[in-house]
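Have the sequence and the model side by side.

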Amino acid sequence: MADKKIEDYQEIINLPHHVSKNRSHMSMRDRAAQFSPFAALTGYDAAVKETARLTDQREELDEEVKEKISERLNLIQGNLTAAPVVEITYFVPDKRKEGGSYCTATGTVKKIDEFQRLVVLTDGTEIQIDEIIEINGEMFQPLDDSFA
């Protein structure tokens, strides 16, 4: 039966390859591009990466820590003219998924906006008061030593 198939095409098997008079010969690169992978699921890779991206869970502060942060904010507010340098660790909620990340900003506090519940540093960094988990700095050294 295989011989039958060859016999069917015997008259065209040895004909020369057709070369078009109207179209130029396609380069090997362009020809290969026709067979390159097709991205049927556009955005799939980005979605997988987003799902795999890790976030931290926001830790709930106990009343003692909240009170300590409040006292330190009041101390900063009373000493704004002295321009103390502080280090504030705070939670930044993720805009795309549950959780977020913890950041630390170091700088001089420009103002504390109690109405908008913001701490604004001189470099323009705005920190939500409710997201602060820790405030440190030299101005708090006497307080830290008294607790030790």
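How many residues does α5 have, and how far does α5 reach from its first C-alpha to its last? The helix has 16 residues and reaches 23 Å. That is close to the 22 Å expected at 1.5 Å a residue. The expected span is 1.5 Å times one less than the number of residues in the helix. Helices (H or I, at least four residues) and strands (E, at least two) are DSSP runs, numbered from the N terminus.

A word on the basis. This is a predicted model, in which local features need pLDDT of at least 70 and side-chain atom pairs count only at pLDDT 80 or more, while totals for chains, interfaces and linings use all residues. Residues are numbered from 1 along each chain as its sequence is written, and side-chain values use heavy atoms, with hydrogens and water left out.

Now the whole chain. The protein has six helices and five strands. Along the sequence they follow the pattern α-α-α-α-α-β-β-β-β-β-α. Of the 148 residues, 20% are buried. Buried means under 20% relative accessible area, exposed means over 50%, and partly exposed lies in between (1.4 Å probe, protein chains only). Among contacts with a separation of 6 or more, 56% are between residues 24 or more positions apart. Contact here means heavy atoms within 4.5 Å.

Back to α5, residues 63-78. Its residues Ile69, Arg72, Leu73 and Ile76 are buried. They cover an arc of only 100 degrees around the axis, so they sit on the same side of α5. The arc is that of the directions from the helix axis to the C-beta atoms. The face turned away from this buried side carries the exposed residues Glu63, Glu64, Asn74 and Gly78.

What does Glu63 form with Lys66? The two form a salt bridge, with the closest N and O atoms 3.8 Å apart. A salt bridge is a side-chain nitrogen of Lys or Arg within 4 Å of a carboxyl oxygen of Asp or Glu. Both residues lie in α5, three residues apart, about one turn of the helix. Glu63 counts as exposed because its relative accessibility is 60%. Lys66 is partly exposed, at 40%.

Lys68 also lies in helix α5. Its relative accessibility is 39%, so it counts as partly exposed. Look across to Ile133. The C-alpha atoms of Lys68 and Ile133 are separated by 9.8 Å, although the two residues are 65 residues apart along the chain.

The structure holds two salt bridges. The other partners to look at are Arg117 and Asp130, whose side chains meet at 2.8 Å, N to O. Arg117 lies in the loop between β2 (100-113) and β3 (118-121), and Asp130 in the loop between β4 (126-128) and β5 (132-137), so the pair ties together parts 13 residues apart in sequence. Arg117 is partly exposed, with a relative accessible area of 35%. Asp130 counts as partly exposed too, at 45%. The backbone at Arg117 also deserves a look. Its phi is near 60 degrees, a positive value in a residue other than glycine.

Which residues lie nearest the centre of the largest pocket? They are Ile69, Leu73, Arg117, Ile129 and Asp130, out of 15 lining residues. α5 gives the most to the lining, with six residues. The space in this pocket is about 290 Å³. On a 1 Å grid over the protein atoms alone, a pocket is an open set of points where a 1.4 Å probe fits, with protein on both sides within 12 Å along at least five of seven lines; lining residues have an atom within 4 Å of a point. Grid points are joined across faces, edges and corners, and the volume is the space filled by probe spheres set on the points.

Last, follow the chain out of α5. Ala83 lies in the loop between α5 and β1 (85-93). It has a positive phi of about 50 degrees although it is not a glycine. Ala83 is partly exposed, at 40% relative accessibility. One of its contacts is Thr108, which lies in strand β2. Thr108 counts as buried because its relative accessibility is 18%. Leaving aside neighbours within four places in sequence, Thr108 is in contact with Ala83, Pro84, Val85, Leu121 and Thr122.
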